[in-house]
Amino acid sequence: MLAAMSDKPPVLRLRGVYSERLSPVSIDLAAGECAAITGPSGSGKSLLLRQVADLDPGHGEVELDGAPRSGMRGHAWRRQVIYCQAEAGWWDDHVAPHYTDAARAAELFQRLGLAPGKMDALVQELSTGERQRAALARALALAPRALLLDEPTAALDPEATARVETELRRYLDGGAAILMVTHNPEQARRMARRGWRMEQGRLEPQWT
Amino acid sequence: MDVIKLQALDLVIASLLVLLSAGISSALRLNLQRQVLWAALRTVVQLLLVGHILRIVFAHAAPWLTALVVAVMMALAAREVAARPKARLARRGNGQVGAMAVVATTVVTALFILSTALRPEPWYDPRYTIALVGIVLGSVLNAASLALDGVLSGVRRDRLAIEARLSLGATAHQAFASLLRESVRRGIVPSINQMSAAGIITLPGIMTGQIIAGMDPIDAAKYQILLMFLLCGASGMAAMGAAYGAMRRLTDERGRLRLDRLLSER
């Protein structure tokens with residue numbers, strides 16, 4: 001058992017993931033690791049996250065804790081590797097029906113700085129920043145093995161950003177992994193041990 | 001039965017009403033007079049043509065001829081289902097979804113009635129089969145095209161919501177659930193309205209026809225009830241078939257949303 005622990009497979013392993021507008025990408029993310037991707041708009045950052053989440057047709061293999069994606073059903077994969085869109089979609093007019101575990105959601109709301117009353121509000125009554133945090137809470141409440149975050153704090157003030165980053169670190173400490181797209185180089189430095197830069201569909205390492 | 005036979009002259013006199021309608025259009029500058037006259041002409045030609053074809057088919061009562069007429073009617077209905085929605089599925093998806101919904105529901109409901117309530121001799125008696133298929137097709141066509149349009153026009157609007165559900169691990173079926181419900185409802189509601197209004201607001205065409213043809217009103221009402229039930233079941237099946245067929249084409253084996261299979265609107 002101990003021997004197995006030492007060569008434990010990475011939480012998330014991308015092996016030659018590519019699509020029409022994306023050159024092959026290979027990245028390993030260990031337990032508790034966050035990797036950041038920066039780059040200009042339209043360079044393919046979101047496309048890469050969507051590829052990893054298996055939301056678009058593409059090529060290459062992704063492994064979760066050593067288990068290949070091709071051996072899992074699409075929805076079972078996406079339940080464990082959750083993609084948070086930059087602009088989240090909502091399938092109900094009210095906030096509450098988006099959460100299955102009300103107690104867990106309330107806890108996350110509090111830690112992300114959302115007033116408890118927001119749970120009973122309409123989605124359209126929330127501000128952009130509140131919606132962004134509510135969407136993150138929706139994903140975190142499901143406790144996935146890996147999170148694919150697309151501009152998770154784009155609409156947030158510094159205080160709310162700090163709360164989100166604290167919550168993400170707590171999530172990483174649980175042994176999960178995060179692949180994060182951000183426009184903010186300082187956030188990339190704060191959160192990630194390794195950084196990449198996306199340029200016209202090509203991913204180049206920036207720092208390690 | 002003492003049917004008053006219509007003479008050609010009777011129709012010519014009745015056509016004065018069409019001229020009246022065209023006159024109104026002209027007086028109010030609606031610019032519809034050409035369309036009114038053209039539509040009236042089409043009605044005359046199409047109905048007389050159908051009447052002559054059915055006279056031949058009824059006279060022969062051959063199974064293959066009946067099947068041919070039914071097949072042509074279904075093909076035209078499927079084409080109409082495919083053409084009504086503005087959005088198009090790639091690789092002739094609209095046509096395939098329309099054909100599947102139309103053929104499956106029409107065959108199932110028509111055979112059901114022919115083997116339970118009506119039981120003509122022989123069972124494919126064109127007088128019953130063709131009339132039945134014709135009535136069913138009207139409802140099926142409406143229900144299927146409304147449901148198909150509901151999914152195709154709604155999927156772009158609901159893209160973010162559907163992808164949000166997929167991203168959180170929902171199956172394609174769960175992610176489409178509310179769009180499917182809404183679309184199937186759109187398809188079924190007309191036949192519910194038709195059933196609730198029957199006899200009070202309008203006298204259904206079939207019943208009116210049979211009463212004019214000399215049938216006892218109670219017997220005519222029973223026929224109409226049977227047909228209403230038939231249409232209700234048929235439109236339910238057609239709406240569901242069309243909506244699910246569209247969903248299957250808009251998702252793939254990995255449970256992804258495939259909007260690339262939806263061509264841009266005309």
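Mentor: We begin with a rule for strands: two of them pair if DSSP finds at least two bridges between them. Keep in mind throughout that this is a predicted model.

Trainee: How do you know that β9(A) and β10(A) pair, and in which sense do they run?
Mentor: Pairing asks for at least two bridges, and five bridges join β9(A) to β10(A), which run antiparallel. One of the bridge partners is P205(A) in β10(A), which stands with W196(A). These two strands form a hairpin with two residues between them, and in the turn Q200(A) has a positive phi of about 50°.

Trainee: Which strand pairs with β9(A) in the parallel sense?
Mentor: That is β3(A), which is joined to β9(A) over four bridges, and there I37(A) has W196(A) of β9(A) as its bridge partner. Strand β3 (residues 34-38) of chain A also runs parallel to strand β8 (residues 177-181) of chain A, with four bridges between them, and A36(A) stands opposite M180(A) in β8(A).

Trainee: What is the order of the strands in the open sheet?
Mentor: The six strands of chain A follow the order β6-β7-β8-β3-β9-β10, and their pairing is mixed.

Trainee: Why do β6 and β10 of chain A stand at the edges?
Mentor: β6 (81-84) and β10 (202-207) of chain A each have a single partner strand, so one side of each is left without a neighbour in the sheet. On average, neighbouring strands of this sheet are turned by 20° against each other, with direction ignored.

Trainee: Which helix packs on the sheet?
Mentor: Helix α2 (residues 45-52) of chain A does, touching β3, β6, β7 (146-150), β8 and β9 (194-199) of chain A, and its direction makes about 150° with that of β8(A).

Trainee: Why are α1(B) and α2(B) called roughly antiparallel?
Mentor: The axes of helix α1 (residues 8-27) and helix α2 (residues 33-60) of chain B come within 8 Å and cross at roughly 160°. Angles over 145 degrees count as roughly antiparallel, and therefore α1(B) and α2(B) are given that name. The crossing of α1(B) past α2(B) is right-handed. Among the residues making the contact are V18(B) and A22(B) of α1(B), with V36(B) and L37(B) of α2(B); by class, the contact has five nonpolar, five polar and no charged residues.

Trainee: Why does Y99(A) count as partly exposed?
Mentor: A residue is buried if 20 or more other C-beta atoms lie within 10 Å of its own, and exposed if 12 or fewer do. Y99(A) has 19 C-beta neighbours inside 10 Å, so this residue counts as partly exposed. Y99(A) lies in the loop between β6 and α4 (102-111) of chain A, and touches A105(A), R138(A) and A141(A), leaving aside residues up to four places away in sequence.

Trainee: Which residues of α6(B) are buried, and what covers them?
Mentor: The buried residues are I162(B), E163(B), A164(B), R165(B), L166(B) and S167(B). Their cover includes α3 (74-80) and β6 of chain A, together with α7 (172-197) of chain B.

Trainee: How many residues of chain B are in contact with chain A?
Mentor: 15 residues of chain B are in contact with 18 residues of chain A. Helix α6 (residues 159-167) of chain B gives the largest share of the side of chain B that touches chain A, seven residues.

Technical notes
Residues numbered from 1 in each chain as written. Chains lettered and ligands numbered in written order. Predicted model: local features only at pLDDT ≥ 70, side-chain atom pairs only at ≥ 80, totals over all residues. Axes fitted to C-alpha atoms, helices over the stretch in contact; angles between N-to-C directions. Contact = placed C-beta atoms within 7 Å. Parallel < 35°, antiparallel > 145°, perpendicular 65-115°, else oblique. Left-handed = near helix turned anticlockwise from the far one by under 90°. Nonpolar A, V, L, I, M, F, W, Y, C, P; charged D, E, K, R; others polar.
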